[in-house]
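Reader: I am new to this. Please take one part of the model and walk me through it closely.

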Amino acid sequence: MSERLNYNHVAPAGMKALGGVYGYVMQSGLSATLVTLVYLRVSQINNCAYCLDVHTRDLLKSGVKIEKIALVQAWPEAGHLFDERERAALAWAETITRVAETNVPDEAYQTARKVFGERELVDLTIAISLMNAYNRMSISFRNTPQAALEMAA
């Protein structure tokens, strides 16, 4: 699969705006590891190879063990490998990403609110929404994962 176009070059101001949202999320006070786990889960749901590659590499660089990364997609069955905040964030990410199917039920909101303050939950939802946007950009324009580039070299 080859890249259709380089959206960073075609619309640099738009991508800079998304980058500004990314910067906001990273300074929001949410743990960078938590946010990156959420980014990975959203990218799994959306089948975004480029983002899966990026976030897996980011988690490895930050010291998250490969065993934990491998179980992100099955986090409900992973026991206490994921702490309470991570489980709540991953559940919230799933219901937000699948909004057309879930309609984000009250139960999901109440569960998330037990763990996250109002500002944290809004910031987490911004992060989830941002990753969904990035996934759609990467998938639509066939952004090639670094791993595929490395294998071709």
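Author: Start with a term. A crossing of two helices is left-handed if the near helix is turned anticlockwise from the far one by less than a right angle. Keep in mind that this is a predicted model.

Now look at helix H3, residues 32-46, and its partner H4. H3 passes H4 in a left-handed crossing. Their axes come within 9 Å. They cross at roughly 155°. Angles over 145 degrees count as roughly antiparallel. H3 and H4 are therefore roughly antiparallel to each other.

Next, the residues that meet. H3 brings Thr33, Thr36, Leu37, Tyr39, Leu40, Ser43 and Gln44. On the H4 side they meet Cys51, Leu52, His55, Thr56, Asp58 and Leu59. By class, this contact has six nonpolar, six polar and one charged residues.

H4 also has a part in the largest pocket. That pocket has a volume of about 270 Å³. It is lined by 13 residues, and the closest to its centre are Tyr7, Tyr50, Cys51, Val54 and Tyr134. Cys51 also belongs to the contact with H3.

Which helices supply at least two residues each of this lining? They are H1 (7-10), H2 (12-26), H4 (49-61) and H9 (118-140). H4 gives the largest share, five residues. By class, the lining divides into eight nonpolar, four polar and one charged.

Methods
Residues numbered from 1 in each chain as written. Predicted model: local features only at pLDDT ≥ 70, side-chain atom pairs only at ≥ 80, totals over all residues. Heavy atoms only, no water. 1 Å grid on protein atoms, 1.4 Å probe; cavity = no way out; pocket = protein on both sides within 12 Å on 5 of 7 lines; lining within 4 Å. Points joined across faces, edges and corners; volume = space filled by probe spheres on them. Helix = DSSP H or I, 4+ residues; strand = E, 2+ residues; numbered from the N terminus. Nonpolar A, V, L, I, M, F, W, Y, C, P; charged D, E, K, R; others polar. Axes fitted to C-alpha atoms, helices over the stretch in contact; angles between N-to-C directions. Parallel < 35°, antiparallel > 145°, perpendicular 65-115°, else oblique. Contact = heavy atoms within 4.5 Å.
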